[in-house]
Amino acid sequence: YIHTKPDPDNGGSGVDTGFMIIKPDQAEFENIVNQYLNTPYDPTTGWNGQGYNNFKGGLGISGFLAYYFANNPGYLALDRCTYAHTADSDCLGSFPFENRKASTMLKDVCGDPRNCPYTHPNWAADKTQACEAMHRSYFNYRYEFEQKFLIKGGKQDRIGLFRQESFLGYCTGPGKTNFLSMTGAVVPKQDWQTICPPEKCPDGTYMKPDCTCTDPLTPCDACPANTMCQTYPSLMCIDCGCAFCDNGGTKCCESDGANNCRAGSGDNQECDRSSDFFPAFQGDENICGGVEISRTDVPNGCGCKPDAHHPCTYNDEWGTTESKCFICTAADFAAGDCQECKECLQGCVGSACMASSSTTENFMDCMNGITDKLCRAQCHYKCMKD
C-alpha cells in the first residue's frame, strides 16, 4: 500500500485507497470489516487512541486502514514517490519524477487537466515538466480509449492550440469552458488545420505537415507551404506576407511556393533595402531576400513554431494588417511611433539628423547617412513592434 501526500499543516497521511495490492482472502476481508465496525474512534485521539486521523479522510477508510496496516504484520508500505509520484515538493525534492514507476495526478498539485490550466509562474522547472507530463499522459489515455472503444457518431478532433504539448489538442484556450469534452457537441476542424496522431518525434526532430518527422539536419522541412523558414534565434515558420509592408500596408513579400519569399505587390522602392525605408535593414536587394528577424514568436496569422508533438499550422486570416506589419519603418518614425527603435539608431555614428527629421523622406535620407552600419543592423532587436 501507499500513503497519501502528507497534510501540508501537520504532515499526517493515510492510505491511498486508489492503489492497494492485497491478496484475496475471505477471512482477512471479514476481519478488516469487523475491526472497522468495532474499533473505537475519537476525534482527538484517533483510531483506538493511536491517531491516524490528522489528515483528510482520517475518519474514513484511509485513516482506518492506516491504523489497521500498522498493527497487522504482512502489510508493506511502498515508497510514495516511487509508486505514486504526485509532482509535489516533497517528492520532487527527494526523488526525480523521471525515475518514478507510477504517478498520481492530484488537482491541488498540478491542476485538473479538464480545466485547461495555465502553468503557474512560480513553479520550479522540475514541477512544470512533471505536471506537463502527467497532463499529457491523461490525454494520451483519453485518445487511446476513444480510438478503441468510443462508438459515438462523430469524434472530437484534437483542434485545440492551447499548450498542445500538455493537452494534446483537447484545449482551445485556458479554463474549463475551453475544454473539448468526449461526450459534448463536436467542434469542427478548420480546413487549415492538420491533425496528427499524438506521437512525439525523436529528440532533435520536428513533425512535418504530413505527420512524419524531419531529418535532424533539415528542420525547415517542418514548415508549411507559403512560409519562410528561420532557424535563428529560434526555429520559426514565418508567413511571407508578414513583417515587411510599404507605407500603405501592402505586403512587400509573397511566397515562391518553395518555403522562400520573393517580391510581392508592395511599393518596389520602399520594399528595397537600399531605400532605407526599414531602419534596421540595409542592403542592395529587395527586403524579401533572406532577411532574418530577431523574434522568438510571431503575431497571430503570421506563422507558427514547429515542435516534436504537432505539425506547424496556423490560420493566415487571423490578425490585422497593422499587427502583421510588425517591422518599424521610416513612416512609423514620422508618425511618432517606434520610439525605442529611433532611440537605438540615435546612438549610432552619423545619426544626428534623426532629431530634426519629421517626414518619412527626412528619416530615409537621414538613415542613409548613418556610417556605422553594424550599429544600425544591431538595432533590429528594437525595431519590431509589439
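## A tour of buried pairs, a patch and a cavity

Select D276 and R376: both are buried (under 20% relative accessible area with a 1.4 Å probe, protein chains only; exposed is over 50%, and partly exposed lies in between). Before you go on, note that this is a predicted model, where local features need pLDDT of at least 70, side-chain atom pairs count only at pLDDT 80 or more, and totals for chains, interfaces and linings use all residues. Residues are numbered from 1 along each chain as its sequence is written, and side-chain values use heavy atoms, with hydrogens and water left out.

D276 and R376 form a salt bridge, with their closest N and O atoms 2.8 Å apart (a side-chain nitrogen of Lys or Arg within 4 Å of a carboxyl oxygen of Asp or Glu). This pair links distant parts of the chain, 100 residues apart: D276 sits in the loop between β6 (261-263) and β7 (303-304), and R376 in helix α12 (residues 373-378).

Next, pick R80 and D88, whose side chains meet in a salt bridge at 3.0 Å, N to O. R80 is buried at 10% relative accessible area, and D88 is buried at 6%.

Now try K107, D112 and R114, which a network of salt bridges links. Between R114 and D112, the closest N and O atoms are 3.4 Å apart. Here R114 is partly exposed at 37%, while D112 is buried at 11%.

For a last stop, show R158, L161, Q164, Q193, T194, I195, C196, H310, P311 and T313. They line the second largest cavity (on a 1 Å grid over the protein atoms alone, a set of points where a 1.4 Å probe fits but cannot get out; lining residues have an atom within 4 Å of a point).

Note on methods:
On a 1 Å grid over the protein atoms alone, a cavity is a set of points where a 1.4 Å probe fits but cannot get out, and a pocket is an open set with protein on both sides within 12 Å along at least five of seven lines; lining residues have an atom within 4 Å of a point. Helices (H or I, at least four residues) and strands (E, at least two) are DSSP runs, numbered from the N terminus.
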